[in-house]
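Subject: A structure for you to look at

Hello,

Here is the structure I promised to pass on. Have a look at it first, and then read on for what turned up in it.

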Amino acid sequence: QVQLVESGGGSVQAGGSLRLSCAASGDAASMKCMGWIRQAPGEAREGIAMVTGGEVTSYADSVKGRFTVSQDNVKNTMYLQMTSLKPEDTAMYYCAAPIHPGYCTVGYLVEPKFSHWGQGTQVTVSS
């Protein structure tokens, strides 16, 4: 089991920045693969960033070049630095970790039955 707690969301104007944090506790093996998922009202879940082994990162095209995911293995915390925010980034942001290390893909992370999720933190970007 992994427990995940997100923080850092808020309201910003377009072009602004925010940094989200995800504090993790529990199964250390699952924390080697973590990611950020977002969901806007009426929209499908979107896996936007992943970090594996604390170093290897990947991003959805929608955020590439604007968002940076990182992981502090000492603090068991994952971060998402978001810059050049756009109104279309408005969503609830969740951090996720797979229920099994073999499920370390975006496809599994966006599915709650294959991953642990936090409670989410709201990001609202106004134009």
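Predicted model: local features only at pLDDT ≥ 70, side-chain atom pairs only at ≥ 80, totals over all residues.

Residues are numbered from 1 along each chain as its sequence is written, and side-chain values use heavy atoms, leaving out hydrogens and water.

**Disulfides**

Cysteine 33 forms a disulfide with cysteine 104, and their sulfur atoms are 2.1 Å apart (a disulfide is taken as a pair of cysteine sulfur atoms within 2.5 Å). The torsion about the S-S bond of cysteine 33 and cysteine 104 is about 95°, so this disulfide is right-handed. Because cysteine 33 lies in strand S4 (residues 33–39) and cysteine 104 in the loop between S9 and H1, the pair ties together parts that are 71 residues apart in sequence. Helices (H or I, at least four residues) and strands (E, at least two) are DSSP runs, numbered from the N terminus.

How many disulfides does a search of the whole structure find? The search finds 2. Cysteine 22 and cysteine 95 also form a disulfide, with their sulfur atoms 2.0 Å apart. Their link is right-handed, with 55° about the S-S bond. Cysteine 22 lies in strand S3 and cysteine 95 in strand S9, so this pair ties together parts that are 73 residues apart in sequence. Both cysteine 22 and cysteine 95 are buried. Counting bonded cysteines along the chain, the disulfides follow the pattern 1-3, 2-4.

**An open sheet**

Strand S3 also belongs to an open sheet of 4 strands, in the order S1-S3-S8-S7 and with antiparallel pairing (two strands pair if DSSP finds at least two bridges between them). Its edge strands are S1 (2–7) and S7 (67–72), each pairing on one side only. S1 and S3 (residues 18–26) run antiparallel and are joined by 6 bridges. If you want to find a spot where they meet, valine 5 has alanine 23 in S3 as its bridge partner.

**Nonpolar cores**

In soluble globular proteins, nonpolar side chains tend to be buried together. Here, the largest nonpolar core has 26 residues, and those with the most contacts inside it are Trp36, Leu80, Met82 and Tyr93. A nonpolar core means a set of buried Ala, Val, Leu, Ile, Met, Phe, Trp, Tyr and Cys residues joined through side-chain atoms within 4.5 Å. Elements giving two or more residues to this core include S1, S3, S4 and S5 (46–52). A second, separate core of 7 residues includes Ile37, Tyr94, Leu109 and Val110.

Which residues does methionine 82 touch, not counting those up to four places away in sequence? Among them are Leu18, Leu20, Phe67, Tyr93 and Val123 (contact means heavy atoms within 4.5 Å).

**Aromatic pairs**

The whole structure holds 4 aromatic pairs. Rings of Phe, Tyr and Trp (its six-membered ring) pair if their centres lie within 6.5 Å; planes under 30 degrees apart count as stacked, over 60 as edge-to-face and the rest as tilted. Tyrosine 94 and tryptophan 117 have ring centres 4.9 Å apart and planes at 45°, so their pair is tilted. Tyrosine 94 lies in strand S9 (residues 91–98) and tryptophan 117 in strand S10 (residues 115–117), so the pair ties together parts that are 23 residues apart in sequence. Tyrosine 94 counts as buried at 17% relative accessibility, whereas tryptophan 117 is partly exposed, at 22%.

Another pair, tyrosine 103 and phenylalanine 114, is edge-to-face, with 5.2 Å centre to centre and 75° between the planes. Tyrosine 103 sits in the loop between S9 and helix H1 (106–109), and phenylalanine 114 in the loop between H1 and S10. Both are partly exposed: tyrosine 103 has a relative accessible area of 25% and phenylalanine 114 one of 23%. Together with Tyr108, these residues form one aromatic cluster.

Enjoy exploring!

Best wishes

Key: Buried < 20%, exposed > 50% of the residue type's maximum accessible area, 1.4 Å probe, protein only.
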